[in-house]
Amino acid sequence: MQSMRASELSTSSQSLLEQEQTESQPKITIKNPKKLAFLPLVFLIYFEVSGGPYGEESAVGAAGPLFAILGFLIFPFIWSIPEALVTAELATAYPGNGGFVIWAHQAFGPFWGSLMGSWKFLSGVINLASYPILCVDYLKLVIPIFSSGLPRFVAVFVSTLVLSFLNYSGLSIVGYTAVGLGIVSLCPFIIMSLVAIPKIDPSRWISLGQKGVKKDWTLFINTLFWNLNFWDNASTLAGEVDEPQKLYPKALFSAGILACLGYIIPLLAATGAIPLDQEDWVDGYLASAGEMIAGKWLKFWIEIGAVLSIIGLFEAQLSSCAYQLLGMADLGILPMIFGARSKWFNTPWLGILISTVIALSVSYLDFTDIISSANFLYSLGMLLEFASFLWLRVKFPALKRPFEVPMGLPGLVVMCLIPSGFLVYVLAVATKAVYLVSALMTLSGVAWYLFMNLSKSKMWFDFKMEEEKLDNEEGA
């Protein structure tokens, strides 16, 4: 009798667990007639991660052609694929705006969900601040007046506002703009690679670098890491995607193929077609390589492509930040006002405004350490994300997962440990200034969480309560 009783209790407990998780799973259903289609989603993910081969040059300068080629061939398997698989499983299991915030919230509770939101949001808006600056840095090559002073200040300010308004005009518009930007910015590299074919000497690919040039392994690893990162950023848009359970895995796979080919093909063309001068291989050198391979016209096109790529990066990152805040409001972590949408475009106008204002404020600072701190916070967030992924497998084994990584828990642990090692490395090599700034940002995130709890208890702001979220779900 006792064994039958225990069996009944076990079955009942499992049933309650499944019921509880089924209720909590969708959480947020967005009534949006203009859902994001497959191709725009692919290019938004592409711009979250890559945006083209711009920036890969430092890998050659740091370690030589052979290691750079091997790095961009191998690193996706030990870093990008695990991160993309985690994103595919969790974004389809919890298809709501907020992405990684929802995952940490479900796995470890509201504190860790809020802290994840703080880490990823601060990281995102600080990186966002760098893109208008990069745009102006390219423009000053054509219009020198933008090099310094008031004209530079105005150029950064105006470009930020214009790009933010594009984001405000609608996610579908942003998505199809990303498609156009991606195609146009990749075209010069396709042409460069085709023109380079008869000039390629395969023996140049196996060069370990020039004699007398010391290898910089820290720069090499960082270049690979940051050029093949941020696969999870588009998860904050899951509530805006048409059939996310079907489209997300396909879009991640397609964006992964596009990003990897976008790196390796131009790298093979440039390193194989021109003699190695390793110290020249710094950011922007592919434009010079294009000139040597095909002429000055191609260099100009690559530089234009770089500006277009930066615009795509800005739009993708701003979308991620804005919809993250909307998702946090839907979870009840932030006040409901953070989920306010435009009546004209159905976009989270307050999230866009807050992200833009913070990015503008940061852009006028000397923010080398701040950018490094943003990457530090992102690494902390990724460690929490991997932990959330593993714990959700343990906590909710019966959770409906439309896409499930086909491994048992031991295999998943190994899959997550390898990229986690790179994250620990990034944290370990940080400077004292980065540790200090990161600690202050983290404390600010903790203080914000406590303030939000106080606001709920004092009813200073309106928050979505659990009952409201379930009512919304039932009425969707």
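Author: Happy to. A residue is called buried when its relative accessible area is under 20%, exposed when that value is over 50%, and partly exposed in between (1.4 Å probe, protein chains only). The model is predicted, so local features need pLDDT of at least 70 and side-chain atom pairs count only at pLDDT 80 or more, while totals for chains, interfaces and linings use all residues. Residues are numbered from 1 along each chain as its sequence is written, and side-chain values use heavy atoms, leaving out hydrogens and water.

Eleven salt bridges are present in the structure, each being a side-chain nitrogen of Lys or Arg within 4 Å of a carboxyl oxygen of Asp or Glu. Let us begin with E240, which counts as buried at 1% relative accessibility. Its side chain meets that of R341 in a salt bridge, 2.7 Å from N to O. R341 sits in the loop between α12 and α13 (349-363) and E240 in the loop between α9 and α10 (244-273), so this pair ties together parts that are 101 residues apart in sequence. The helices here are DSSP runs (H or I, at least four residues), numbered from the N terminus.

E89 belongs to helix α4 (residues 65-93) and R393 to helix α14 (residues 368-395), so-called distant parts of the chain, 304 residues apart. Both E89 and R393 are buried. They are also members of a network of salt bridges that links E89, R393, R401 and E404.

For a contrast in setting, turn to D137 and K140. Their closest N and O atoms are 3.7 Å apart in a salt bridge. These two residues are both in helix α6, three residues apart, about one turn of the helix. D137 is partly exposed because its relative accessible area is 24%, and K140 is partly exposed because its value is 30%.

F389 is in contact (heavy atoms within 4.5 Å) with V86, E89, L90, V405, L412, M415 and C416, leaving aside neighbours within four places in sequence. Together with I45 and Y248, F389 touches the most other members of the largest nonpolar core, which has 130 residues. Helix α12 gives the most to this core, with 17 residues. Such a core is a set of buried Ala, Val, Leu, Ile, Met, Phe, Trp, Tyr and Cys residues joined through side-chain atoms within 4.5 Å.

A pocket is an open set of points on a 1 Å grid over the protein atoms alone, where a 1.4 Å probe fits, with protein on both sides within 12 Å along at least five of seven lines; in a cavity the probe cannot get out, and lining residues have an atom within 4 Å of a point. Grid points are joined across faces, edges and corners, and a volume is the space filled by probe spheres set on them.

The largest pocket has a volume of about 1500 Å³. It is lined by 47 residues, with L134, W226, D283, I371 and N375 closest to its centre. Helix α6 gives the most to this lining, with eight residues, and the elements giving two or more residues also include α2 (38-49) and α3 (57-63). By class, the lining holds 24 nonpolar, 17 polar and six charged residues; Ala, Val, Leu, Ile, Met, Phe, Trp, Tyr, Cys and Pro count as nonpolar, Asp, Glu, Lys and Arg as charged, and the others, Gly among them, as polar.

Helix α4, which carries E89, gives the most to the lining of the second largest pocket, with nine residues. This pocket has a volume of about 400 Å³. Of its 18 lining residues, I81, L252, F253, G256 and I257 lie nearest the centre. The lining is made up of 16 nonpolar, two polar and no charged residues.

Finally, the whole structure has two cavities of 30 Å³ or more. The largest holds about 50 Å³ of space, and α6 (110-142) and α12 (296-330) each supply at least two residues of its lining. Among the lining residues are K120, N127, Q317 and Y378. The second largest cavity has a volume of about 30 Å³, with R204 and W281 among the residues that line it.
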